[in-house]
Amino acid sequence: MIYDPLPPGIEPVVPVPGYPNTWTHTPKQPLLRRPATRTERTAPLNLADKLGCGDDNLAVVAPGRIAIGQLIHVAGRVLDEDGRGIAGAVVELWQANAAGRYFHPIDQRSAPLDPDFVGNGRVRTEADGSYAFFTIRPGAYPVPVQDTWWRPPHVHFGVHGPATLSRLVTQMYFPGDPLNEIDRILQSVPDAAARARLVATALHPAEVGDQHLGYRFDIVLRGRNATPPA
Amino acid sequence: MSRLPTSEATIGPFFPRTFFRDGDNDLTRLSASAAPTTRGARILLRGKVTREGGAPLVNGILEAWQADAAGRFRHPEDPEAHLADPDFLGWGRAFTDAEGRYAFTTLLPGGYLDRAPHVNLTVMGAGLMRRVHTTVFFPDFAVANAADPVLALVAPAARPRLVALADGEEAGLRCLRFDLRLRGDATEETPFFEG
């Protein structure tokens, strides 16, 4: 596989206004360009055994214990830059509850915790790269800085692909939310098309049925074939 | 059809503790229930991650990846994958505590081709919009380190910052210390590589 430098506009630009950590945590010295040696071009291919996969329903924490919120199904494919599905990738997802609070000791906001929602899941992609989760639509929440701003509803994704160079952590947004246009994290991606790729596609209810709403979110990892597909 | 990669984003402050299980930071086991490999010299690789001003990185996530004790990967990109240690995973994940400390149980990696033995580390954290990448080298291999093409990219004065330090023993394991400074002046910041 070939791992090209990313075209301009795709990677977020820092510092992000109103997010001091984007300044204090980001290296000041220029990053060193290195050759992609074997260590960078490989990754564990059996990570699913280590991490444990199959937790694909965040909306039901235990039999009969259903999370509060709008039930949604999020599905898509993990692809390489040639558009081929990546089998056996580990997909991790985590998010706030319907009130916009995380089940995490660091989140001490006054919004309620839902005893029936933890908010994380992990699956392994199928042979065609597909994955799917049931969850609830997360709530928005304010960022606790002096000049308050709000995070739109979003879902964190972490994907472990076939090389450490293809490891990706990103966030998925919901179409049509007015907070998207003023979210400082989403808007830190300069290219409008790249931002649009972070927004899920709402499926028509006729395709999904009457039990939940459906969204599609494809994730493209770095890496393409040395020989382009014919 | 060619596709453009998805943009990176920060993991945020709330990467779930519930994602972690015992042994996730142990590279020597394929899974929590598997026995550790019997090959190689076991070590504890530990350190502290700080940000500008020396304050700790709290709830940062580190992922480690390395070759086995003979310098091989169980991966098609390694022509000797069939000889790789079948009981060694080579990958681990740790989170930093309130003091920014992390630890991995692993073994001394082997070198391959012109690469000195090394462990790749990536760090993710709140506000780190793109994860950072660095590489740990070991004091045991001074000759190989001097010939490593990646370490050679680092300014000579900064190279010692990529070499782990002897840090005693704990529970019979040899300890090596590797501290990371995410942001600092040129004399203190850890050298980082493009992804």
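This is a predicted model: local features need pLDDT of at least 70, side-chain atom pairs count only at pLDDT 80 or more; totals for chains, interfaces and linings use all residues.
Residues are numbered from 1 along each chain as its sequence is written, while chains are lettered from A and ligands numbered from 1 in the order in which they are written.

Start with chain A. Its secondary structure comes to five helices and 13 strands. Helices (H or I, at least four residues) and strands (E, at least two) are DSSP runs, numbered from the N terminus. The C-alpha atoms of chain A fill a box of roughly 50 × 45 × 35 Å along the principal axes. Of the 230 residues in chain A, 43% are buried. A residue is buried if 20 or more other C-beta atoms lie within 10 Å of its own, exposed if 12 or fewer, and partly exposed in between, with C-beta atoms placed from the backbone. Two residues are in contact if their C-beta atoms, placed from the backbone, lie within 7 Å. Among contacts in chain A between residues at least 6 apart in sequence, 72% join residues at least 24 apart.

Now look at a sheet in chain A. Four strands form an open, antiparallel sheet in the order 5-4-9-10. Two strands pair if DSSP finds at least two bridges between them. Strand 5 and strand 10 of chain A stand at the edges with a single partner strand each, so one side of each has no neighbour in the sheet. The twist averages 20° from one strand to the next. Axes here are lines fitted to C-alpha atoms, for helices over the stretch in contact, and angles run from 0 to 180 degrees between N-to-C directions.

Five bridges join it to strand 5 (residues 120–124) of chain A. There, A:Val91 stands opposite A:Val123. Five bridges also join strand 4 to strand 9 (residues 154–160) of chain A. On that side, A:Val90 has A:His160 as its bridge partner, and A:Glu92 has A:Gly158. Strand 4 (residues 90–94) is largely enclosed by the rest of the structure, because five of its five residues are buried. In a regular strand the side chains alternate between the two faces of the sheet. In strand 4 of chain A, A:Val90, A:Glu92 and A:Trp94 lie on one side and A:Val91 and A:Leu93 on the other, and all are buried.

Another buried position sits in a loop. A:Phe217 lies between strand 12 (213–216) and strand 13 of chain A. A:Phe217 is buried, with 23 other C-beta atoms within 10 Å. Leaving out residues up to four places away in sequence, A:Phe217 touches A:Val74, A:Gly76, A:Met172 and A:Ala200.

Turn to chain B. It has one helix and nine strands. Along the sequence they follow the pattern β-β-β-β-β-β-α-β-β-β. The radius of gyration of chain B is 17 Å, close to the 16 Å from the globule rule for 195 residues, so chain B is as compact as a globular protein of that length. Buried residues make up 51% of the 195 residues in chain B.

Chain B also has an open sheet of four strands, antiparallel, in the order 3-2-5-6. Its edge strands are strand 3 (91–95) and strand 6 (132–137) of chain B. Strand 2 (residues 61–66) and strand 5 (residues 118–124) of chain B pair over six bridges. B:Ala64 stands opposite B:Leu121 in strand 5 of chain B. Beyond its neighbours within four places in sequence, the contacts of B:Ala64 include B:Leu27, B:Phe104 and B:Val119.

Finally, bring the chains together. The contact takes 65 residues from chain A and 62 residues from chain B. Strand 4 and strand 10 (168–173) are among the elements of chain A that each supply at least two residues to its side. That side divides into 30 nonpolar, 19 polar and 16 charged residues. Ala, Val, Leu, Ile, Met, Phe, Trp, Tyr, Cys and Pro count as nonpolar, Asp, Glu, Lys and Arg as charged, and the others, Gly among them, as polar.

Note on methods:
The radius of gyration is taken over C-alpha atoms; the globule rule is 2.2 Å times the number of residues to the power 0.38.
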